[in-house]
Amino acid sequence: MNKLTILVVEDDVPVRNLITTTLEAHEYRYITAENGKSAIMETASHNPEIILLDLGLPDIDGVEVIASIRRWSNVPIIVISARSEDADKISALDAGADDYLTKPFSVEELLARLRVTQRRLALIQNNSMQQAVFINGALRIDYVSGCAFLNEEELHLTPIEYKLLCLLAKNTGKVLTHKYITQNVWGSSWENDVVSLRVFMATLRKKLEKNPDSPQYIQTHIGIGYRMVKVEEKE
Ligand code: CA
């Protein structure tokens with residue numbers, strides 16, 4: 001039932017084969033590209049629903065590929081990077097990537113990222129990002145009145161906590177970097193803002209999460225940023 005077309009951009013043949021074999025086994029359609037230039041061309045000509053993009057490509061840097069695609073497309077992009085490249089992941093996310101996978105990754109991790117991205121796609125297609133009310137599990141944000149509720153009980157948030165929550169909600173499924181969040185909440189991204197962000201995130205979580213030590217709504221990506229996850233409905 002997947003039937004999505006995924007563009008796999010990877011110059012490393014064994015990794016590419018692992019990915020395409022996995023996609024095939026799970027009924028995804030796919031096309032492949034071995035370098036940045038053909039990635040951009042394939043995106044333009046085939047309109048894939050999701051792009052899996054290796055950052056270390058032989059011709060153009062993966063971050064440039066993202067920037068180039070983002071000029072005309074919002075297609076979700078999951079970057080694949082080597083463990084040592086934390087700074088690269090951050091630049092990729094800041095350039096407009098949605099998520100990342102770290103090499104070496106398992107088939108289960110790959111499939112999990114694809115599911116997260118598919119849920120994000122569904123949200124985008126339902127246009128619920130533009131609606132006046134945001135609902136995710138027991139969380140409800142009423143953008144018009146500027147109030148947030150958990151199990152229909154109002155959360156008493158400070159203006160910054162509310163701004164943070166809305167920013168994460170509007171980007172559900174997407175990993176937001178510290179820089180992106182602080183720029184959107186404070187209008188700057190000094191070292192101090194990142195420290196404040198941690199403090200506000202902790203207070204927000206205390207109000208939002210039943211168990212702040214194993215958060216349900218907001219994931220921490222250590223050294224990178226945060227993401228609001230779509231809470232799974234009972235399946
Ligand atoms: Ca590579």
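**Reading the features in turn**

Modeller: Let us begin with Asp11, which is partly exposed, its relative accessible area being 31%. Please bear in mind that this is a predicted model.

Colleague: Which residues coordinate the calcium ion, and at what distances?

Modeller: Asp11 and Asp54 each contribute through OD and Gly56 through O, at 2.2 to 2.4 Å. Along the chain, these donors follow the spacing D-x42-D-x1-G. Asp11 belongs to the loop between strand S1 (5-9) and helix H1 (13-25), whereas Asp54 belongs to strand S3 (residues 50-54), so the pair ties together parts that are 43 residues apart in sequence.

Colleague: Is Asp54 buried or exposed?

Modeller: A residue counts as buried under 20% relative accessible area. Asp54 has 4% relative accessibility and is therefore buried.

Colleague: How should I read the arrangement of helices H7 and H8?

Modeller: One looks at the approach of the axes and at their crossing angle. The axes of helix H7 (residues 178-185) and helix H8 (residues 191-208) come within 10 Å and cross at roughly 90°. H7 is therefore roughly perpendicular to H8, since angles of 65 to 115 degrees count as such.

Colleague: Which residues make the contact?

Modeller: H7 contributes His178, Ile181 and Thr182, while H8 contributes Asp193, Val194, Leu197 and Arg198.

Colleague: How many disulfides does a search of the whole structure find?

Modeller: In general, a disulfide is a covalent bond between the sulfur atoms of two cysteines. In this structure the search finds 0 disulfides. Cys147 is in no disulfide, and the nearest cysteine sulfur, in Cys166, is 10 Å away.

Colleague: What kind of peptide bond joins Lys103 and Pro104?

Modeller: For a peptide bond one consults omega. The bond joining Lys103 and Pro104 is cis, with omega about -5°. Pro104 is found in the loop between strand S5 (99-103) and helix H5 (107-125). Pro104 is exposed, with a relative accessible area of 69%.

Colleague: What are the phi values of Asn151 and Glu152?

Modeller: Phi of Asn151 is near 50°, a positive value in a residue other than glycine. Glu152, also a residue other than glycine, has a positive phi near 65°. Asn151 lies in the loop between strand S8 (147-150) and strand S9 (153-154), and Glu152 is placed in the loop between S8 and S9 as well. Asn151 is exposed at 57% relative accessibility, and Glu152 is exposed with a relative accessible area of 54%.

Colleague: Where does Lys89 lie, and is Lys89 buried or exposed?

Modeller: Lys89 lies in helix H4 (residues 86-94) and is buried, with a relative accessible area of 5%. Leaving aside neighbours within four places in sequence, Lys89 is in contact with Leu55, Ser81, Arg83, Tyr100, Thr102 and Ile224.

Key. Residues are numbered from 1 along each chain as its sequence is written. This is a predicted model: local features need pLDDT of at least 70, side-chain atom pairs count only at pLDDT 80 or more; totals for chains, interfaces and linings use all residues. Side-chain values use heavy atoms; hydrogens and water are left out. Axes are lines fitted to C-alpha atoms, for helices over the stretch in contact, and angles run from 0 to 180 degrees between N-to-C directions. Helices (H or I, at least four residues) and strands (E, at least two) are DSSP runs, numbered from the N terminus. Angles under 35 degrees count as roughly parallel, over 145 as roughly antiparallel, 65 to 115 as roughly perpendicular and the rest as oblique. Contact means heavy atoms within 4.5 Å. Donors are N, O and S atoms within 2.8 Å of the metal (3.2 Å for Na, K and Ca); water is not among the atoms, so sites may look incomplete. Buried means under 20% relative accessible area, exposed over 50%, partly exposed in between (1.4 Å probe, protein chains only). A disulfide is a pair of cysteine sulfur atoms within 2.5 Å.
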